[in-house]
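Hello,

Here is the structure I promised to pass on to you. Have a look at it first, and then read my notes below.

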Amino acid sequence: HYMGFGATIGADYVHYFLADNAVATPELSVYYTEKFVYLPATFYANSYTQDPDRLPLVGRNTTYKEEREAAGLPPEGTVLCNFNHLHKTSSEMWALWADILLRTDGAVLWTLNDNPETQANIAKELNKHGVAAERVVYAGHEKIWQHLHRHALADLFLDNNEYNGGTTGLDSYWADVPILSSPMEKFSARYGATFNKGADLEILTARNGEDYVELTLRLTRKPEILDGIRRKLNSEKLTAPMFDTPAFMRRFEDTLKMQWEIAYSQLSNEQNFQAMHIVRRGASARAA
């Protein structure tokens, strides 16, 4: 199975689970009844280069400081963002973000919310850690192309470790904003890792919560590194494997064909069917 449910089905008649080796590492296979089919780059299909809502290409303009002010953001300093649904955010995550804000002068966290009650609850949570409510800036809801344009005003996307951003995370890379994430075991906590792998930016995948904070601090204190990553994302956007939909389609179809060939070979030789892990790398695939 693929995409619809991010975990094992647990049924003996579902033989394969299509993923990649960042979102479903080999050691996690013991928790799945299915065999893994590994796609290269990322398992996450998208059609950004064909999606009229995500075109034309977005990126930071030379007028970004004025645009920041118009959005209620500080024109200078670091703008950290997280546009995931807030129900994904645990108290442990707020504690990490509060630590980052306390240790980063002038930084703000930009998030998506227009509910006064929710904002009041966030202010209470931040107050527990000695962080002023003003350090969080709220964005309202916009059409997707408008949101992507403003997303480019941010410097770094801080992912939710327990429940990562899916399309929201991919939107961040489309807007040239790198993602910092710390994967956990479950599938929904590893999307950031697969996006970083697909962008060849695995240096942005932290080992744990402490590393997540320290890595964020290193990046905010060296804005030239973030600027370099932004330029890399912008220059490679149209050639990046994770945004190459036709190539993804071909690789996906190849793995389906290989699953069929394994089954046909075994059954035609009167063998009991036994699924096998399939590793897909570049132009070749092999069973394991």
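Let me begin with Arg150. Setting aside its neighbours within four places in sequence, Arg150 is in contact with Trp110, Leu112, Ala139, Gly140, His141 and Glu142. Please keep in mind that this is a predicted model. You will find Arg150 in helix α4, which covers residues 144–151. Cys81 lies 69 residues from Arg150 in sequence, and their C-alpha atoms are 11 Å apart in space.

Next, helix α2, at residues 91–102. Which residues of α2 are buried? They are Met93, Trp94, Trp97, Ala98, Ile100 and Leu101. Viewed down the axis of α2, these buried residues fall within an arc of 160°, so they line one face of the helix. In an α-helix, residues three or four places apart point the same way because there are 3.6 residues a turn. The buried residues of α2 pack against strands β3 (79–82), β4 (108–112), β5 (136–139) and β6 (156–158), and against helices α3 (116–128) and α7 (209–220).

Finally, the surface. Leu55, Leu57 and Leu238 form a nonpolar patch there, with about 260 Å² of accessible area together. Leu57 sits in the loop between β2 (35–38) and α1 (64–70), and is partly exposed, with a relative accessible area of 42%.

How values were computed:
Residues are numbered from 1 along each chain as its sequence is written. This is a predicted model: local features need pLDDT of at least 70, side-chain atom pairs count only at pLDDT 80 or more; totals for chains, interfaces and linings use all residues. Side-chain values use heavy atoms; hydrogens and water are left out. Patches are made of residues with over 30% relative accessible area and no salt bridge: like charges are joined within 9 Å, nonpolar side chains (Val, Leu, Ile, Met, Phe, Trp, Tyr) within 5 Å. Accessible areas come from the Shrake-Rupley method with a 1.4 Å probe; for residues, only the protein chains shown count as cover. A salt bridge is a side-chain nitrogen of Lys or Arg within 4 Å of a carboxyl oxygen of Asp or Glu. Helices (H or I, at least four residues) and strands (E, at least two) are DSSP runs, numbered from the N terminus. Buried means under 20% relative accessible area, exposed over 50%, partly exposed in between (1.4 Å probe, protein chains only). The arc is that of the directions from the helix axis to the C-beta atoms. Contact means heavy atoms within 4.5 Å.
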